[in-house]
Amino acid sequence: MGIAMQIVEISTASIPADLMGAQVEKVNVKIGKLSAVVPESLRFCFQIVSQDTPLCNASLIIEEIPIVIKCLDCNIEWTIDEPIFSCQKCNGGAVDIVSGRELDISSIEIAERDE
Amino acid sequence: MVTGNNKTSTREIKIVRKVLDVNETIAAQNRKTFAGKNVFVLNVMSSPGSGKTATLEKTLSRIMPEIRTAVIVGDVCTSNDADRLAVSGAPVVQVNTDAFGGDCHLAAHVIKTAVGNFELEEIDFLIVENLGNLVCPAEFDIGEDLRVVVLSVTEGEDKPIKYPLMFRVCDAALLNKIDLLPYLDYDKKETLKNIRQVNPNMPVFEISAKTEEGFEFWIDWLKQNIKKKIK
């Protein structure tokens, strides 16, 4: 819920002055598969907290980012579907998470009336 | 797109911001405050009922008064845990998150406010007992130096792989209630295998907060970490 509230707050603050009062159509976010967010729950919370805001009719478009890890010894990267954080080559545990922890807002899309 | 006589188009406004960047900014401020006052901060996380409070009661009795310790306890409601920990003589602040919308975690701004209740010059070590939850607390940096997760043998062996982020972000795991092992069909090897799968280099301390079995290794490790920062 707190995460949905932050998304609404950041998006609302990002509406340019010349589009005040316009309806936001889409909010594009990137959610890593390792983040503590379930897309369905986030959509549900977003619907609730966006009521009475310029985002009330907006769809939350979630791009899920796969978990990519890198072995610091072998210097190779690969994508994991299961939470196995050891190197597939040397079996070592010195791995970095390259992606999969994202919780980012990338953009909002607003309908503009052309003159 | 054409609606009636008015043409409309869509304008995309790039934002590119972390959803939690406000939290991360305040966490960085907290970290700076703690560094300036030489306070080592431990964030303790777990599911409800794993024995966090009992573990901390016994931990406090072993490190105080040698290490001047204070505690922040997070719960949705009640001050039961704070009352138990205050018996140690450590200053304790209870945070009830129902005042913050019933949050399921302690966020950095909550810690910042709670810390205002302590004289940081008189503290070497601050323990934050987070809310019982293996999901959200893993996502919220509070400005701590060290994170530990408490897991008990009455929970499933697959907790580490069900909640991988928690076991990735923590620096050590405490496997609690080992005094109950003779009475349970619990596969400890499976649990350890699952922890290693998620975090191959994670230290695991097998403890019983009831009998204090295994505590010497946990306390030694904790003190070493505190003393690295607090000279």
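Helices, with at least four residues in state H or I, and strands, with at least two in state E, are runs assigned by DSSP and numbered from the N terminus. The views below show a predicted model.

**Figure 1. Chain B as a whole.** Chain B has 231 residues, and 45% of them count as buried. Among contacts in chain B with a separation of 6 or more, 75% are made by residues 24 or more positions apart.

**Figure 2. Helix H1 of chain B and its two sides.** Helix H1 (residues 21-36) of chain B contains 16 residues. From its first C-alpha to its last, this helix reaches 23 Å, close to the 22 Å expected at 1.5 Å a residue. Which residues of H1(B) are buried? They are Asn23(B), Ala27(B), Asn30(B) and Phe34(B). These four lie on the same side of H1(B), because the arc they cover around the axis is only 60°. An α-helix has 3.6 residues a turn, so residues three or four places apart point the same way. Strand E3 (40-46) and helix H4 (108-115) of chain B are among the elements that cover the buried residues of H1(B). Lys32(B) and Gly36(B), on the other side of H1(B), are exposed. After H1(B) comes Asn38(B), with a positive phi near 55°.

**Figure 3. The loop between helix H2 and strand E4 of chain B.** Pro65(B) is found in the loop that runs between helix H2 (52-63) and strand E4 (69-75) of chain B. The peptide bond joining Met64(B) and Pro65(B) is cis, with omega about 0°.

**Figure 4. Thr78(B) and Lys177(B), two residues with positive phi.** Thr78(B) is not a glycine, yet its phi is positive, at about 70°. The loop that holds Thr78(B) lies between E4 and helix H3 (80-86) of chain B. Lys177(B), also a residue other than glycine, has a positive phi near 70°. The place of Lys177(B) is in the loop between strand E8 (172-176) and helix H7 (188-198) of chain B. Is each of these residues buried or exposed? Lys177(B) is buried, because 25 other C-beta atoms lie within 10 Å.

**Figure 5. A three-stranded open sheet in chain A.** The strands of this sheet follow the order E4-E3-E5, and their pairing is antiparallel. Strand E4 (77-80) and strand E5 (95-99) of chain A are the edge strands, as each pairs on one side only. On average, neighbouring strands of the sheet are turned by 35° against each other, direction ignored.

**Figure 6. Strand E3 of chain A and its two faces.** The side chains alternate along E3(A). Strand E3 (residues 67-71) of chain A pairs with E5(A) in the antiparallel sense over four bridges. Within E5(A), Asp96(A) is the bridge partner of Lys70(A), and Val95(A) stands opposite Cys71(A). E3(A) also pairs with E4(A), in the antiparallel sense and over four bridges. There, Ile80(A) is the bridge partner of Ile67(A). A hairpin is formed by E3(A) and E4(A), with five residues between them. Asn75(A), in the turn of this hairpin, has a positive phi of about 60°.

**Figure 7. The contact between chains A and B, seen from chain A.** The contact draws 28 residues from chain A and 30 residues from chain B. Helix H1 (2-13) and strand E6 (103-113) of chain A each supply at least two residues of the side of chain A that touches chain B. Which element gives the largest share of that side of chain A? E6(A) does, with eleven residues. By kind, the residues of the side of chain A that touches chain B comprise 14 nonpolar, eight polar and six charged.

How values were computed: Residues are numbered from 1 along each chain as its sequence is written. Chains are lettered from A and ligands numbered from 1 in the order in which they are written. This is a predicted model: local features need pLDDT of at least 70, side-chain atom pairs count only at pLDDT 80 or more; totals for chains, interfaces and linings use all residues. Two residues are in contact if their C-beta atoms, placed from the backbone, lie within 7 Å. Ala, Val, Leu, Ile, Met, Phe, Trp, Tyr, Cys and Pro count as nonpolar, Asp, Glu, Lys and Arg as charged, and the others, Gly among them, as polar. Two strands pair if DSSP finds at least two bridges between them. Axes are lines fitted to C-alpha atoms, for helices over the stretch in contact, and angles run from 0 to 180 degrees between N-to-C directions. The expected span of a helix is 1.5 Å times one less than its number of residues. A residue is buried if 20 or more other C-beta atoms lie within 10 Å of its own, exposed if 12 or fewer, and partly exposed in between; C-beta atoms are placed from the backbone. The arc is that of the directions from the helix axis to the C-beta atoms.
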